[in-house]
Amino acid sequence: MSPEHNKRRRVIILGWDGATWDLLKPWMEQGDLPNLARICAEGAWGPLASTTPPFSATAWTTFATGVNPGKHGIFDFWYRGPDGRRLPIDATSVRAPAFWKHLSEAGRRVAVIGVPINTYPPTPVNGVMVSGLLTPPGASVFTYPESLAGEICAAVGAYRPDPYAAITQSKTFLRDAIYWTEQREQAHRYLWGREAWDCFIQVTNAPDVIQHYFWTYLHPGHPDYRAPGAAAYRELALTVFRRLDDIIGQRIANLGADDVLIIMSDHGFGEATHWFNLNRFLVEKGFLTLHPSPALNKIGLTQERILGTLRRLDVLGLRGKLRNRTRLRFHQRLDRLIAPPVDWSRTLAYAASMTAEAVYLNVRGRDPDGIVEPGVEYEKVRQEIIEALKEARDPDTGQPVFRAVHRREDLYHGPYIGRAPDILLEVGDNPYVMAERLSSPRIFERIPRQAARGRHRPHGVLVAYGGPVRKGVRIADARLLDLAPTILALLGLPVPSEMDGRVLTELFAEGSVACSSYSAGGSEEQGPTTAETESGYSAEEVAWVEQRLRSLGYLE
């Protein structure tokens with residue numbers, strides 16, 4: 001394949017955060033997504049395996065870098081600061097180069113728009129970058145070059161890098177999602193026409209936020225699918241997806257003969273029915289110890305009495321006049337208020353974040369009040385916890401809660417594996433959401449109607465169309481890891497040998513995509529060198545990030 005041939009080809013990537021074939025296929029069959037149906041029929045498509053766990057921070061960084069979390073260093077939305085505080089990650093936390101850095105260094109022109117975590121704060125590229133999810137409102141810089149923000153606003157009017165911060169189960173929110181899908185596409189189309197890009201990447205988070213809070217109205221298999229008012233919610237949500245399908249049509253119309261269009265998601269989606277209170281499980285199994293709550297003891301109250309009273313009030317309907325989200329926020333604040341403190345001098349393990357879907361051991365020399373000795377004791381305690389988790393069952397159905405329970409080294413490798421949780425939980429397609437709350441006296445709790453009842457699942461979507469892509473191919477074994485090397489190969493670049501993914505050669509006509517590799521000197525040498533001493537966010541922005549993740553159901 002000649003250099004001239006490589007130069008002509010462009011790769012366009014439309015990222016649909018959280019998109020799932022469980023919804024898209026029925027909508028395609030009923031004619032709601034004609035452009036998606038067309039490129040599936042005329043290209044290659046199938047499931048795309050996400051990361052474990054399948055959460056956006058880890059998943060999108062894996063997509064961007066083509067390496068496993070042990071090499072890029074992102075295991076959650078948070079990292080532990082030098083004083084033990086939980087701080088939100090940002091692009092400076094990523095420890096491996098994104099594929100657009102390789103493209104930039106090779107002289108290819110790139111537009112990178114809205115890729116979560118990896119675009120805020122924006123970093124220099126050979127082209128443009130616009131930040132996305134977790135960009136604070138009013139951020140002074142959210143584009144590279146910095147002047148691009150004013151250029152976008154002058155061209156299309158209002159633009160928000162993260163427009164879905166105020167999520168409610170309401171028609172108003174869905175109408176806002178329709179508006180921002182259109183408004184952002186106007187900006188994307190402006191950037192698309194600004195110059196001839198070699199690689200153009202745009203990500204929308206609309207599918208993810210809609211599915212978290214409206215899943216019960218979208219999936220025909222859910223009992224609430226035909227609930228009063230469900231059809232109106234469904235129609236508004238489907239309007240967003242129809243608009244995303246229109247965007248596919250617009251990109252198809254602009255494809256050259258050798259260009260490739262890729263549609264992908266970072267993970268899938270499915271139903272969530274119960275919270276699994278992981279810290280309560282650890283308490284009952286003797287791995288985590290709590291102090292009695294002194295504030296409650298003084299007035300003769302227990303957690304069980306408080307929560308029992310609230311349940312009786314719910315039955316009587318005395319809180320029915322409060323809006324659903326207000327009720328949920330009330331519960332969250334109460335949980336934090338009545339949660340008893342941890343007795344770290346007797347605690348062997350704990351769950352620190354629901355988006356990690358993991359257990360950390362309280363290790364001496366690593367954790368501030370660690371008691372588990374590294375080595376033999378660490379391995380013994382870890383194995384005991386793994387065996388206990390494997391035996392966890394849904395009390396109503398008897399089915400195992402976890403598809404698998406992993407040691408971190410079974411899933412990850414690389415220089416940053418020491419930052420990973422000690423035990424990783426694989427929920428699979430089961431309908432359970434890991435919760436970290438200490439206030440609940442129960443391990444299992446049914447998720448209330450006002451909370452997020454859609455959860456991430458391990459398989460997203462992948463479609464490739466145009467140029468060398470084979471027609472009518474059903475993909476079976478593609479992973480999120482594989483997209484970065486595949487994109488580099490499509491654009492005629494060798495793949496760094498440090499990348500863990502492979503080029504998806506089965507998508508393409510034989511001999512149409514050349515595969516070669518080279519050593520970039522080790523991914524640990526390639527990432528940003530900013531020391532992880534403080535978050536890139538201000539104190540006010542850290543509070544905003546916490547609220548933003550709470551609105552998604554990612555934080556209690």
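How many bridges pair S12 and strand S13, and in which sense? Two bridges, in the antiparallel sense. Keep that pairing in mind; the tour comes back to it.

**Before you start**

This is a predicted model, in which local features need pLDDT of at least 70, side-chain atom pairs count only at pLDDT 80 or more, and totals for chains, interfaces and linings use all residues. Residues are numbered from 1 along each chain as its sequence is written, and side-chain values use heavy atoms, with hydrogens and water left out.

**Whole chain**

Show the cartoon. The chain has 18 helices and 22 strands. Of the 556 residues, 61% are buried. Buried means under 20% relative accessible area, exposed over 50%, and partly exposed in between, with a 1.4 Å probe and protein chains only.

**Stop 1: the four-stranded sheet**

Select S12 to S15. The four strands make an open antiparallel sheet in the order S12-S13-S15-S14. Strand S12 (349-350) and strand S14 (404-407) are at the edges with a single partner strand each, so one side of each has no neighbour in the sheet. Strands count as paired if DSSP finds at least two bridges between them. Now pick Tyr350; its bridge partner in S13 (residues 358-361) is Tyr360.

H15 lies across S12, S13, S14 and strand S15 (423-426), and runs at about 155° to S13. Axes here are lines fitted to C-alpha atoms, for helices over the stretch in contact, and angles run from 0 to 180 degrees between N-to-C directions. Contact means heavy atoms within 4.5 Å.

**Stop 2: an enclosed helix**

Select residues 483-490. This is helix H17, and eight of its eight residues are buried, so the rest of the structure largely encloses it. Among them are Leu483, Pro485, Thr486 and Leu490.

**Stop 3: aromatic pairs**

The structure holds 21 aromatic pairs. Rings of Phe, Tyr and Trp (its six-membered ring) pair if their centres lie within 6.5 Å; planes under 30 degrees apart are stacked, over 60 edge-to-face, and the rest tilted.

Show Phe63 and Phe99. They pair edge-to-face, at 5.6 Å centre to centre and 85° between the planes. Phe63 is in helix H4 (residues 56-65) and Phe99 in helix H6 (residues 99-105), so the pair ties together parts 36 residues apart in sequence. Both Phe63 and Phe99 are buried.

Next, Phe276 and Phe444. This pair is also edge-to-face, with 5.3 Å between centres and 80° between planes. It links strand S11 (residues 274-277) to strand S17 (residues 444-446), 168 residues apart. Phe276 and Phe444 are buried.

Then select Tyr164, Phe173, Phe214, Tyr217 and Tyr233. Ring pairs link them into a cluster.

**Stop 4: charges over rings**

Show Arg437 and Trp275. The charged end of Arg437 sits over the Trp275 ring, 4.3 Å from its centre. Arg251 lies over the face of Trp192, 5.5 Å from the ring centre. The cut-offs: NZ of Lys or CZ of Arg within 6 Å of the ring centre and within 35 degrees of the ring normal.

**Stop 5: Asp17**

Centre on Asp17, in the loop between strand S1 (11-16) and helix H2 (21-29). Is Asp17 buried or exposed? Asp17 has 1% relative accessibility, so it counts as buried. Beyond neighbours within four places in sequence, its contacts include Ser56, Trp60, Asp208, Asp266 and His267. Finish with a distance: Asp17 and Val115 are 98 residues apart in sequence and 9.4 Å apart in space, C-alpha to C-alpha.
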